[in-house]
Amino acid sequence: MNRIVIIGGGPAGYVAAITAAQQDKEVILVVDGPLGGTCLNEGCMPTKSLLKSADTYDLVKNAGQMGIRLSPNSIEVDWATVQERKREVISKLVNGIRYLMGKNKIKVIQGRASILSSNRLRIENGNENEVIDASKVIISTGSEPIPLPFAPFDGEWIIHSGHAMSLPAIPDSLLIVGGGVIGCEFASIYSRLGTKVTVIEMGEKLLPGEDDDITSILHAELMNQGVTVHTSTTVKNINSTSKTVFLENGDGKLVEMISDYVLVSIGRRPRVNGIGLEENDIDFSRLGISVDDRMQTSNPSIYACGDVIGGIQLAHVAFHEGRVAALNACGQFAQVNYRAIPRCIYTSPEIAGVGLTEKEARQKYGEIKVGEFAFSANGKAVLSNKPVGKVKVLVNPQYNEILGFTIVGQHATELIGQGTIMLHAEITADMMEGLVAAHPTLSESIHEALLNVVGQAVHC
């Protein structure tokens, strides 16, 4: 038998399935839900569809600054059309994955899979059970939103990100618990569509994993968009009957807030229950399934990848981990290069980074060189009326090794691809001094930041 069975059809699972099929293996993909998983159906893609609508609305409202006269009374958001466009995007992309399954001769079985032994699985679909054999198994069951311990999701008032992108109407008010990536993205969406948004963050600042100078720019822009941010603030209790949230700020003062919805975005946890991990001696914890650098679990016949192993919960990481898991399950050797993983936050302005943050770089290397270039000095950013933000590059002075990039500003999530290539290829800063960047482009800011490291930036 030469069969690979994959549990879960999200980014890690379907990429693993295609990769294994390309190695001429018989592949079965077991899906408990729609193809594409959370990312495609209620995560990455639908969120970005809503963000694009918010971006467009914001652009039209401010068209007067570009010399385009519009009547303010004629500009409105058709929420039903926004939602329909989102559904069309999802449908098109899911159909694309379905096409790839057929093209690669991958058998897709709808049902819930559990591992009976190293080479045998049970698939349940309603009242029907099926047992199938496998040479190797790849687990990619993803993750799910974490609720507040004293207030489970009800989908009506206390909601998670999946609910938040399909609300029946644009709410008048939205209280977001958690100022991480998901919370900030939804704050950026709804505040620009007219919702009064309040963000509650337990830590001292938004986006705790990013540098203070980066998050302060986003914080200021969110405030300009009408968002109220409370940091060092904890949710103590929630009363669903009165729709009241009870908070305690850093000074110990108790505050009550009423909101149309409470969006809880305090993180996601791996889906590890009910798939037979304990019965098959597969090491795992609440943080995820334990794997080595080849995505192999403690059971040599079983691999795991994506959100279910914890770590970096990003779709593009899941893509790569799925590919690595499949190649190793097929008898090849592959590893993930976690050094060059881009991180992207689709707020307004966007934030993107790759490699180390400045705080991490100083902790690891001590003295480092920092080069920065502000978009306010970039011609393309100025003429686009988007001068907020900057590029920051970190360099090890001993070898001119590029340690990390962080960008905050328009199209940061596209620009970070250049920094990702540099880190992946281990290019040094001095190798980039002779680079010719097209003008006028935002990409010039990356080159200027690199030149700034050696004191040779021209436009700052």
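This is a predicted model: local features need pLDDT of at least 70, side-chain atom pairs count only at pLDDT 80 or more; totals for chains, interfaces and linings use all residues.
Okay, let's start with the cores. The largest nonpolar core has 55 residues, and the members that touch the most other members are Leu-29, Leu-121, Ile-138, Ile-139 and Ile-289. Helix α1, residues 11–22, gives the most to this core, with eight residues. There's another core lying apart from that one, with 34 residues, including Met-165, Ile-189, Val-227 and Leu-263.

Let me zoom in on Ile-138. Leaving out anything up to four places away in sequence, Ile-138 touches Ile-4, Val-5, Ile-6 and Ile-7, then Ala-16, Tyr-303 and Cys-305, and also Ala-325, Ala-326 and Ala-329.

Next, the sheet. We have three strands here in an open arrangement, order β4-β5-β6, paired antiparallel. On the edges sit β4 (112–117) and β6 (128–133), each pairing on one side only. Going from one strand to the next, the twist averages 25 degrees. If you look at β5, residues 120–125, you'll find six bridges joining that strand to β6, running antiparallel. As for a specific pair, Asn-125 has Glu-128 in β6 as its bridge partner.

Last stop: Thr-406, which is in strand β25, residues 401–409. So, is Thr-406 buried or exposed? It's buried, because its relative accessible area is 2%, and the cut-off for buried is under 20%. And what does Thr-406 touch, not counting residues up to four places away in sequence? The list is Glu-210, Ile-214, Arg-343, Ala-352, Gly-353, Lys-390, Val-391 and Lys-392.

That's my tour, thanks.

How values were computed:
Residues are numbered from 1 along each chain as its sequence is written. Side-chain values use heavy atoms; hydrogens and water are left out. Helices (H or I, at least four residues) and strands (E, at least two) are DSSP runs, numbered from the N terminus. Buried means under 20% relative accessible area, exposed over 50%, partly exposed in between (1.4 Å probe, protein chains only). Contact means heavy atoms within 4.5 Å. A nonpolar core is a set of buried Ala, Val, Leu, Ile, Met, Phe, Trp, Tyr and Cys residues joined through side-chain atoms within 4.5 Å. Two strands pair if DSSP finds at least two bridges between them. Axes are lines fitted to C-alpha atoms, for helices over the stretch in contact, and angles run from 0 to 180 degrees between N-to-C directions.
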